[in-house]
Structure formats: C-alpha cells, structure tokens
Amino acid sequence: MSEEAKAKILEYMKSQKKTKLYFNDLCKAVPELKMREAKKVINELVEEGKVKYWSSGSTTLYMLPGVDDVAAEEEKMK
C-alpha cells in the first residue's frame, strides 16, 4: 500500500495549481489512510527526495523539488 499511496500523493501534487500544499491537502489524495499513516508515507517521500518541505517560519508546506526554481525563472523572464 505504501508505494501505491506514494504514487497517489505525487500524482495529486502534480495535478494541483498551487505549488505548495498543506498536509491536509495531501491527505485528500489518500482518503483511505488515517492521518498518522499518511504522515509516514509523506515523510518517506521527503526522505527519498521526491517531496520537500517549505516553511514560512510558522507554517510547513510540502512541494515537489524544483517547482519553486521553475516559478522563480519564469518571474525573472517577465
């Protein structure tokens, strides 16, 4: 189930318009998992480098690696 859940979360993240997502948003991708199980799966994705943390200082969000870099490059080109 873990690999299947990881795939669902990654696919969900790629389909969203927002680049940074809250933990609760990611839980929507795997409603069959309890929050504790979802947290373990998301942490595994972070450890594997497929997802990374983004922090505003008070809030921690999750994002795909490289997404912020692309957005920054597009801003520079404007």
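Leucine 26 touches Ile9, Tyr12, Met13, Leu21, Ile42 and Tyr62, leaving out residues up to four places away in sequence; contact means heavy atoms within 4.5 Å. The model is predicted, so local features need pLDDT of at least 70 and side-chain atom pairs pLDDT 80 or more, while totals for chains, interfaces and linings use all residues. Residues are numbered from 1 along each chain as its sequence is written, and side-chain values use heavy atoms, without hydrogens or water.

Leu26 is also among the residues with the most contacts inside the largest nonpolar core, as are Ile9, Met13, Val30, Ile42, Val51 and Tyr62. This core has 20 residues. A nonpolar core is a set of buried Ala, Val, Leu, Ile, Met, Phe, Trp, Tyr and Cys residues joined through side-chain atoms within 4.5 Å. Buried means under 20% relative accessible area, exposed over 50%, partly exposed in between (1.4 Å probe, protein chains only). Two or more core residues come from each of α1 (2-15), α2 (23-27) and α3 (35-48). Helices (H or I, at least four residues) and strands (E, at least two) are DSSP runs, numbered from the N terminus.

In α3, the buried residues are Ala38, Val41, Ile42, Leu45 and Val46. They lie on the same side of α3, because they cover an arc of only 145° around the axis. The arc is taken from the directions from the helix axis to the C-beta atoms. These buried residues pack against α1, α2, β2 (52-55) and β3 (60-63). On the other side of α3, Arg36, Lys40 and Glu47 are exposed.

Lysine 6 belongs to α1. Lysine 6 counts as buried because its relative accessibility is 4%.
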